[in-house]
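Me: Could you take me through this structure step by step? I would like to know how its parts are arranged.

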Number of protein chains: 2
Amino acid sequence: MGYDTLTIGLDAGGTSTRAVLTTGTGECVGFGVGGRGNPTSSGVEIAGDGVMASIAAALAASSATLADVSVIATAMAGQRIGDEEGAWLMARLSAEGFAGRLVFESDLAATYFTGSAEPFGYAIVAGTGACAVRIEDGSIAATADGLGWLLGDRGSGYWIGHRVARAVVRELDHAGPRTALTPALLAHLGITAETARREGRLQVLDQVVEALYALRPIELAALAPLAFTAADAVAERILHRAGAHLADTLAAVLDGPGPVVLGGSVLCRDSPVRDAFVRRLGAAADGLDMRPVVDGAVGAGLLALRAAGVAVSPETLARLSGSLAGMR
Amino acid sequence: MGYDTLTIGLDAGGTSTRAVLTTGTGECVGFGVGGRGNPTSSGVEIAGDGVMASIAAALAASSATLADVSVIATAMAGQRIGDEEGAWLMARLSAEGFAGRLVFESDLAATYFTGSAEPFGYAIVAGTGACAVRIEDGSIAATADGLGWLLGDRGSGYWIGHRVARAVVRELDHAGPRTALTPALLAHLGITAETARREGRLQVLDQVVEALYALRPIELAALAPLAFTAADAVAERILHRAGAHLADTLAAVLDGPGPVVLGGSVLCRDSPVRDAFVRRLGAAADGLDMRPVVDGAVGAGLLALRAAGVAVSPETLARLSGSLAGMR
């Protein structure tokens with residue numbers, strides 16, 4: 001032991017999970033990465049494995065055990081999970097000696113608190129999905145989009161990948177312009193470009209359609225990188241429209257100046273998406289302080305501290321960020 | 001017996017199957033309806049049951065048995081099925097005494113030959129999906145769209161239903177205009193409109209999103225009728241855009257004047273979709289003879305006759321249409 005208070009923040013995502021072990025002053029004393037941690041997309045068994053692996057790795061760096069931890073805050077996408085729905089995780093934690101309190105938070109809040117400890121501001125995450133929130137008094141006060149691949153998530157990785165797929169099938173169906181996305185997608189799918197036809201249709205089109213329907217729709221998000229590398233007019237147009245959609249999503253929650261924390265792979269780096277995003281915001285971007293972050297690990301740690309009754313400040317955030325950066 | 005040649009045409013769809021029993025002159029002597037007949041969407045057991053039920057009903061009106069039938073032509077959506085893939089149906093037919101030849105045809109060809117026996121022309125079907133073909137020398141020479149709900153089918157029933165769903169969630173997310181589609185969809189889903197919020201979001205939006213994701217995506221096609229009855233600006237715009245998309249799909253296969261057979265529930269009746277379809281075609285509609293049909297039963301019968309070596313003519317089509325009309 002040797003610590004006054006120990007908390008764990010979990011940034012539990014669809015592909016990996018990060019655990020941040022901190023003292024009551026926000027000093028990070030352990031960091032670990034595990035597998036998939038979202039029970040909605042992976043099931044409670046796999047998500048439980050991912051979470052527990054990340055916790056074990058974080059604890060391994062310290063002399064502490066789960067019995068020493070007073071609060072665990074789990075940030076994940078989807079509806080906030082109440083005590084009852086969280087039973088799958090509490091059972092796993094209890095079995096390892098955890099006797100503290102388990103709370104669930106939105107992944108958007110974890111993103112926000114990774115880039116800001118101020119009580120008012122905004123976060124927008126554009127990864128596989130896309131969602132924006134306004135934070136007031138440290139809590140989510142407004143939400144825009146985040147409606148999933150079928151109904152929303154405009155400008156997200158899924159949205160971009162879906163447009164890539166549609167641009168290619170439209171070219172092969174002679175209904176859209178020629179694009180560098182087509183050879184890129186064929187190579188990605190391992191399909192050889194041939195000119196044989198059946199009923200006036202390119203057989204390669206049938207092959208592409210069959211290969212794409214064999215995926216779960218959400219897996220089209222994996223095609224988004226093709227738009228970033230193709231760099232022709234069709235790809236640029238997709239990226240510009242994505243940026244404009246993301247700006248509209250953020251604009252829907254704007255209510256004055258403040259920090260804007262940018263999360264997710266689509267917005268967190270310089271790209272035509274980010275350019276179009278800023279351009280579309282126009283004058284609305286005045287007074288907005290854009291802060292890209294790579295994930296929500298720091299924010300999950302901050303949420304855990306807050307749940308433990310610690311008054312978090314910009315200094316707490318700086319201490320947690322700095323000490324975590326030294327551990328990964 | 002008492003007949004020289006007997007053939008059966010099957011119009012096998014995703015919701016029902018029609019069987020048309022004809023003599024060699026195109027006289028319909030039996031008609032029957034069965035359940036779902038597409039093995040791709042229903043599985044071979046259910047599709048086999050649907051097909052066999054339709055055949056039994058068609059034969060019941062005559063004194064013939066399956067042993068008297070020389071050719072069965074099955075028209076269905078999706079890739080044409082070769083001998084091997086058709087084994088599921090041949091086994092069922094053989095068990096009932098069928099010793100003739102089984103052939104598979106496109107549902108687009110059945111639609112075409114329901115409205116035309118001419119060797120050159122066009123068919124466009126807009127039901128759950130949307131696809132257009134050009135017929136040359138009696139066979140499909142060009143195809144446009146028909147790429148399925150995720151990648152194409154622009155202007156189809158699915159396309160319209162998906163736009164209905166998106167218009168509603170956008171209104172509830174404060175990202176789109178108010179529309180009569182919203183109360184219509186809430187009523188359809190059995191959700192009560194309430195104004196409670198969580199994290200700044202209407203809880204009714206969460207309910208709608210949850211209800212829609214509980215459906216298989218293709219089931220959104222069932223929401224298309226809401227657009228036809230809502231009759232406000234948002235709904236009209238969806239229907240107009242659907243009609244324009246369908247016109248573009250037909251235009252992609254146009255190559256001179258000819259009959260255009262219109263199949264599927266979206267285009268076969270007068271509506272804002274049809275109005276926009278004709279308007280968008282503009283001068284390209286000159287020389288096109290639009291012929292709406294309710295299903296592909298007559299065409300399936302004609303395809304069966306053709307497969308049996310009968311030279312089909314406009315007179316054959318008229319005889320089959322007239323005699324079938326008297327039986328249903």
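**Strands, helices and copies**

Reply: In chain A, strand β7 (residues 130–136) pairs with β8(A) in the antiparallel sense over six bridges. Strands are DSSP runs of E with at least two residues, helices are runs of H or I with at least four residues, and both are numbered from the N terminus. Two strands pair if DSSP finds at least two bridges between them.

Me: Which residue is the bridge partner of A:Val133 in β8(A)?
Reply: The partner of A:Val133 is A:Thr143.

Me: Before we go on, what kind of model is this?
Reply: This is a predicted model, in which local features need pLDDT of at least 70 and side-chain atom pairs count only at pLDDT 80 or more, while totals for chains, interfaces and linings use all residues. Residues are numbered from 1 along each chain as its sequence is written, chains are lettered from A and ligands numbered from 1 in the order in which they are written, and side-chain values use heavy atoms, with hydrogens and water left out.

Me: Back to chain A. What is the order of the strands in the open sheet?
Reply: The five strands run β8-β7-β6-β11-β12 in chain A, with mixed pairing. The edge strands of chain A are β8 (139–145) and β12 (288–292), each of which pairs on one side only. From one strand to the next, the twist averages 20°. Axes here are lines fitted to C-alpha atoms, for helices over the stretch in contact, and angles run from 0 to 180 degrees between N-to-C directions.

Me: Which strands does helix α4 of chain A touch?
Reply: Helix α4 (residues 107–115) of chain A packs on the sheet and touches β6 (121–126), β7, β8, β11 (258–263) and β12 of chain A. Contact means heavy atoms within 4.5 Å. The direction of α4 makes about 120° with that of β6(A). Helix α10 (residues 272–281) of chain A also packs on the sheet, touching β6, β11 and β12 of chain A, and its direction makes about 165° with that of β12(A).

Me: How many helices and strands are there in chain A?
Reply: Chain A has 12 helices and 12 strands. Its radius of gyration is 22 Å, close to the 20 Å that the globule rule gives for 328 residues, so chain A is as compact as a globular protein of that length. The radius is taken over C-alpha atoms, and the rule is 2.2 Å times the number of residues to the power 0.38.

Me: And what does the C-alpha trace span?
Reply: Along its principal axes, the C-alpha trace of chain A spans about 75 × 45 × 35 Å. Of the 328 residues of chain A, 55% count as buried, meaning under 20% relative accessible area with a 1.4 Å probe and protein chains only.

Me: New topic: what rotation superposes chain A on chain B?
Reply: A rotation of 180° with 0.0 Å of shift along its axis does so, with an RMSD of 0.0 Å. That is the relation of a two-fold axis. The superposition is by least squares on the C-alpha atoms of residues with pLDDT of at least 70 in both copies. In chain A, the C-alpha nearest the axis belongs to A:Leu150, 4.7 Å from it.

Me: Why do the copies meet through the same surface?
Reply: The reason is that 100% of the interface residues of chain A are also interface residues in chain B.

Me: Which residue stands opposite B:Val20 in β3(B)?
Reply: B:Phe31 stands opposite B:Val20. Strand β2 (residues 17–23) of chain B pairs with β3(B) in the antiparallel sense over six bridges.

Notes. Buried < 20%, exposed > 50% of the residue type's maximum accessible area, 1.4 Å probe, protein only.
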